[in-house]
Amino acid sequence: MELNKNKVWLWLAGAILIVFTFVLSDSVKNTIRRQRLIKKAEAELTQLSKDTEEMRKKIDRLESHPKSYERLVRKELGYLKPGETEVRFLGD
């Protein structure tokens with residue numbers, strides 16, 4: 001008789017476990033989804049922090065070295081000093 005009671009309790013516990021699994025499955029899915037989104041946001045934040053630090057270094061170099069500032073302006077904006085002539089070579 002004791003063995004039958006144990007089987008009943010085991011089946012009851014299994015049934016309750018299955019019910020809880022279905023009831024909580026959306027919660028578990030949402031939690032997993034949130035964790036993935038958090039990891040993605042943390043990775044993006046890390047990359048943005050690196051980019052920000054790189055830009056700060058670039059700004060520091062430009063502020064401390066006038067020649068680098070001049071090179072950047074010439075390269076990016078195509079500025080020339082008074083009296084200079086730009087020569088361009090066209091490829092095939």
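**Notebook: patch, helices, salt bridges**

I looked up Trp-9 and logged this residue as exposed, because its relative accessibility is 59%, over the 50% cut-off. The model is a predicted one. I placed Trp-9 in helix α1, residues 2-64. I then asked which surface patch holds Trp-9. The patch is nonpolar, covers about 680 Å², and also takes in Leu-12, Ile-16, Phe-20, Leu-24, Val-28 and Ile-32.

Next I took Gln-47, also found in helix α1. I noted Gln-47 as partly exposed, at 42% relative accessibility. From Gln-47 to Asn-30 I read 26 Å, C-alpha to C-alpha, for 17 residues of sequence separation.

I checked the length of helix α2, residues 66-77. Its twelve residues should span 16 Å at 1.5 Å a residue, and the end C-alpha atoms are 16 Å apart, so the two agree. After α2 comes Gly-78, with a positive phi near 75°.

How many salt bridges does the whole structure hold? My search found four. I opened Lys-81 with Glu-70: the closest N and O atoms are 3.4 Å apart. Lys-81 sits in the segment after α2 and Glu-70 in helix α2, so this pair ties parts eleven residues apart in sequence. Arg-74 pairs with Glu-84 at 3.0 Å between the closest N and O atoms. Here Arg-74 is in α2 and Glu-84 in the segment after it, so the parts tied are ten residues apart.

I also logged Arg-88 with Glu-86, 2.8 Å from N to O. Arg-88 is exposed at 65%, whereas Glu-86 is partly exposed at 42%. Shared partners join Glu-70, Arg-74, Lys-81 and Glu-84 into one salt-bridge network.

Methods
Residues numbered from 1 in each chain as written. Predicted model: local features only at pLDDT ≥ 70, side-chain atom pairs only at ≥ 80, totals over all residues. Heavy atoms only, no water. Patch = residues over 30% accessible without salt bridge, like charges linked within 9 Å, V, L, I, M, F, W, Y side chains within 5 Å. Areas by Shrake-Rupley, 256 points an atom, 1.4 Å probe, with all protein chains shown as cover. Salt bridge = Lys/Arg side-chain N within 4 Å of Asp/Glu carboxyl O. Helix = DSSP H or I, 4+ residues; strand = E, 2+ residues; numbered from the N terminus. Buried < 20%, exposed > 50% of the residue type's maximum accessible area, 1.4 Å probe, protein only. Expected span 1.5 Å × (residues − 1).
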